[in-house]
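Here is a short briefing on one protein chain. Please keep the sequence and the structure open while reading.

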Amino acid sequence: MLDEARFLDGPEGAVGFGAPGDGVLLDAYSGAVTAAVARATPAVAHLQVERDGRAAGSGSGFLVTSDGFLLTNSHVVHGGEVVRASFPDGSGGRAYLVGDDPDTDLALLQVHNRPGAQLELAASDGLQVGQIAIAVGNPLGFGSTVTAGVVSALGRTLRSRSGRLIDDVLQTDAALNPGNSGGPLLDSRGRVIGVNTATIMGAQGLCFAVAANTARFVMGEILRHGRVRRAFLGLAGQTVPLGLGLARRLGRAALTAVRVTEVTPGGAAERAGLRAGDLLLDAEGGELAGVDALHRLLTAERIGRSVALRLLRGREVATLEVVPAARG
């Protein structure tokens, strides 16, 4: 008869039941996760979206201000006619869309009947691979569900539904499922490091969140301007190969460029003299390797400021000055 149950006995410090220090380590990890979840959960909402009087989807969101502003994903609420938010304490009600930015897959709502809790947006540029990441949300309708893992990678890019790349995306192995979209990804102090947005179906532990710094920028733009301002040239383009010989003659490292396929009448590109068929090579001295590079250039700071575009038209290389306008 055993007087004491000890399993996987071994040298001092060995891993296994009964090994010295195991309980302390487990308690420290558990304590960090449970404390972060306790702080965050009251501020995390279950969002139900209606269209034409019928349920059209659901997701998660979280409060970021004391007056009821709530962040979520654009794809959760885009096109919805009515959004209802419910919180763990039973409060909630209709959430009103303040602004929607499909280019970063973020949206800002406001709900009036809400709990007093709110979450802090951390500085996501200080994150490190391997640190604790905790997801709180409502996957598949299961309210206030928690999963935990680590930050698996930093600086990923993700294609948004609008076609633009979302930069500075966080990768995590904290499990996400449909319904987690729009919920917070937290650090061990319960601060938001990202907005959960996507997972790769069929893969394990490949989940993604829009970084908190991006969310802070988008929220600020929406609160100040009602939308995220971006510069607009008034053209359509596509990424095309140059060929090694042509790239060398043009003195370019990139083997691709942007071909203008359409110019909007009356737009900034037309006023500057750009034409369909022009091959855009450089902007402000930096190579345009593709449409994504052009998108990254067109920030709000470029609105109304001249941009030098170097282009190939037929056999001639020219430089045109374009003054981007604000996208409507």
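In this predicted model, 59% of the contacts in the protein chain with a separation of 6 or more join residues 24 or more positions apart. The chain holds six helices and 20 strands. Of its 328 residues, 44% count as buried.

**Overall dimensions and surface**

- The C-alpha trace spans about 90 × 55 × 30 Å along its principal axes.
- The accessible surface of the protein chain is about 16,200 Å². Carbon and sulfur atoms contribute 53% of that surface.
- The protein chain carries 31 positive and 32 negative charges. Their mean positions lie 10 Å apart.

**The barrel**

- Six strands form a closed barrel in the order S7-S8-S9-S12-S11-S10. The pairing is antiparallel.
- Neighbouring strands of this sheet are turned against each other by 50 degrees on average, direction ignored.
- Helix H3, residues 212–225, packs on the sheet. The helix touches strand S9 (165–172), strand S11 (192–199) and strand S12 (207–211). The direction of H3 makes about 45 degrees with that of S12.
- Strand S7 covers residues 132–137, and strand S10 covers residues 184–186. Two bridges pair S7 with S10 in the antiparallel sense.
- Ala-135 stands opposite Leu-185 in S10.

**Strands S1 and S2**

- Strand S1 (residues 44–51) pairs with strand S2 (residues 54–63) over eight bridges. The sense is antiparallel.
- The hairpin of S1 and S2 has two residues between the strands. Within this hairpin, Asp-52 takes a positive phi near 55 degrees.

**Strands S2 and S3**

- Strand S2 is also joined to strand S3, residues 69–72, by two bridges. S2 and S3 run antiparallel.
- Phe-62 has Leu-71 in S3 as its bridge partner.
- Five residues lie between the strands in the hairpin of S2 and S3. Here Gly-68 takes a positive phi near 95 degrees.

**Points to check on screen**

- Which strands does helix H3 touch? Strands S9, S11 and S12 are the ones in contact.
- Which residue takes a positive phi in the hairpin of S1 and S2? Look at Asp-52, with phi near 55 degrees.
- How many bridges join S2 to S3? There are two, and the strands run antiparallel.

Conventions
Residues are numbered from 1 along each chain as its sequence is written. This is a predicted model: local features need pLDDT of at least 70, side-chain atom pairs count only at pLDDT 80 or more; totals for chains, interfaces and linings use all residues. Side-chain values use heavy atoms; hydrogens and water are left out. Two strands pair if DSSP finds at least two bridges between them. Helices (H or I, at least four residues) and strands (E, at least two) are DSSP runs, numbered from the N terminus. Axes are lines fitted to C-alpha atoms, for helices over the stretch in contact, and angles run from 0 to 180 degrees between N-to-C directions. Contact means heavy atoms within 4.5 Å. Buried means under 20% relative accessible area, exposed over 50%, partly exposed in between (1.4 Å probe, protein chains only). Accessible areas come from the Shrake-Rupley method with a 1.4 Å probe; for residues, only the protein chains shown count as cover. Lys and Arg count as positive and Asp and Glu as negative; His and the chain ends are not counted. The place of a charge is taken as NZ of Lys, CZ of Arg, CG of Asp or CD of Glu.
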